Amino acid sequence: MYGRKACQLVKELASGEKGQLTPYNSDLSDQVIAECSQHHLELQSLIRKMQEEGLDVQTTRNADHYGALIHHLSLVRNKRCLMAYMYNRAEIIRSLIWKVGPVLPQQIQEKLSHTEEEYFKKHSGALQSYMSRLDLDLTVDMVPPKDPYIQVRVLDDIGVVLSDDKTTNFARHSMHFLKRTDAEQFISRGLMEELTS
């Protein structure tokens, strides 16, 4: 049945948790693309056959016309399903920079295709370039802070150079009082946690 594999891609996308990535299904995507190629070849073959018989492709209503119509509509449906799958994944990937910052955690990287990783890197690079021209980090403080300083606990050993050219070695489980802007990037990557009183 035509379009079944493309429909599976969309169902896979819909069955996942909203805003969460599922592993990229390259096998199914490749099968849908192969089916699109097959529909295109069949469509060209039927149109060529009608032209060789001297029939007007636009006005003739015979078995070849309806066969070509079925292949055309199947091709369009498959393309729409593929585009929906790719577009929704791209939206999630674009939103990741606001959630996790410019460096993706390993568990998210494993779910991306090579082209999606490149897309994230280019999008992240463009955003970093824009922020450097503005001299403003747009990825921190998505919610306005009550206090510019927070208390954090280090979850993993980090040796980091903070702003104002201060070098601090963060040992695992140590607690520090830092500027929110300095700590935010580490909190989003899961290397620190904010302590609430």
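Select Leu69 to begin. Leu69 is partly exposed, at 35% relative accessibility. (Buried means under 20% relative accessible area, exposed over 50%, and partly exposed in between, with a 1.4 Å probe and protein chains only.) Leu69 sits in helix α3. (Helices, H or I and at least four residues, and strands, E and at least two, are DSSP runs numbered from the N terminus.)

Before moving on, note that this is a predicted model: local features need pLDDT of at least 70, side-chain atom pairs count only at pLDDT 80 or more, and totals for chains, interfaces and linings use all residues. Residues are numbered from 1 along each chain as its sequence is written, and side-chain values use heavy atoms, with hydrogens and water left out.

**The patch around Leu69**

With Leu69 they form a nonpolar patch on the surface, with about 280 Å² of accessible area together. (Patches are made of residues with over 30% relative accessible area and no salt bridge; like charges are joined within 9 Å, nonpolar side chains, meaning Val, Leu, Ile, Met, Phe, Trp and Tyr, within 5 Å. Accessible areas come from the Shrake-Rupley method with a 1.4 Å probe; for residues, only the protein chains shown count as cover.)

**Along helix α3**

Now select the whole of α3, residues 63–100. The helix has 38 residues and reaches 55 Å from its first C-alpha to its last. That is close to the expected 56 Å at 1.5 Å a residue. (The expected span is 1.5 Å times one less than the number of residues.)

Go to the start of α3. A side-chain oxygen of Asn62 comes to within 3.2 Å of the backbone nitrogen of Asp64 there. (A polar contact is a pair of N or O atoms within 3.5 Å; within protein, one must be able to donate a hydrogen and the other to accept it, and residues adjacent in sequence count only if both atoms are side-chain atoms.)

Gly101 follows α3, and its phi is positive, near 90°.

**Salt bridges**

Side chains of opposite charge can pair when their charged atoms come close. (A salt bridge is a side-chain nitrogen of Lys or Arg within 4 Å of a carboxyl oxygen of Asp or Glu.) How many salt bridges does this rule give? The count is five.

Select Asp64 and Lys49. They form a salt bridge, with the closest N and O atoms 3.4 Å apart. This pair links distant parts of the chain: Asp64 is in helix α3 and Lys49 in helix α2 (residues 26–52), 15 residues apart. Asp64 is buried, at 12% relative accessible area. Lys49 is partly exposed, at 38%.

Select Arg94 and Glu91. Their side chains meet in a salt bridge at 1.9 Å, N to O. Both lie in helix α3, three residues apart, about one turn of the helix. Arg94 is partly exposed at 26% relative accessibility, and Glu91 is partly exposed at 31%.

Select Glu193 and Arg153. This salt bridge is 3.0 Å, N to O. Glu193 lies in strand β5 (residues 192–195) and Arg153 in strand β1 (residues 149–154), so the pair ties together parts 40 residues apart in sequence. Glu193 is partly exposed at 32%. Arg153 is partly exposed at 29%.

**Aromatic pairs**

Switch to the rings. There are two aromatic pairs. (Rings of Phe, Tyr and Trp, its six-membered ring, pair if their centres lie within 6.5 Å; planes under 30 degrees apart count as stacked, over 60 as edge-to-face and the rest as tilted.)

Select Tyr24 and Tyr85. The pair is tilted: 6.0 Å centre to centre, with 40° between the planes. Tyr24 lies in the loop between α1 (4–15) and α2, and Tyr85 in helix α3, so the pair ties together parts 61 residues apart in sequence. Is Tyr85 buried or exposed? Tyr85 is buried, with a relative accessible area of 0%. Tyr24 is partly exposed at 22%.

Select Tyr149 and Phe177. Their ring centres are 5.8 Å apart and their planes at 15°, so the pair is stacked. Tyr149 lies in strand β1 and Phe177 in strand β4 (residues 175–179), so parts 28 residues apart in sequence are tied together. Phe177 is exposed at 57%, whereas Tyr149 is partly exposed at 37%.

**Last stop: between α2 and α3**

Select Thr60, in the loop between α2 and α3. Thr60 is buried at 14% relative accessibility. The backbone oxygen of Asp56 lies 2.6 Å from a polar atom of the Thr60 side chain.
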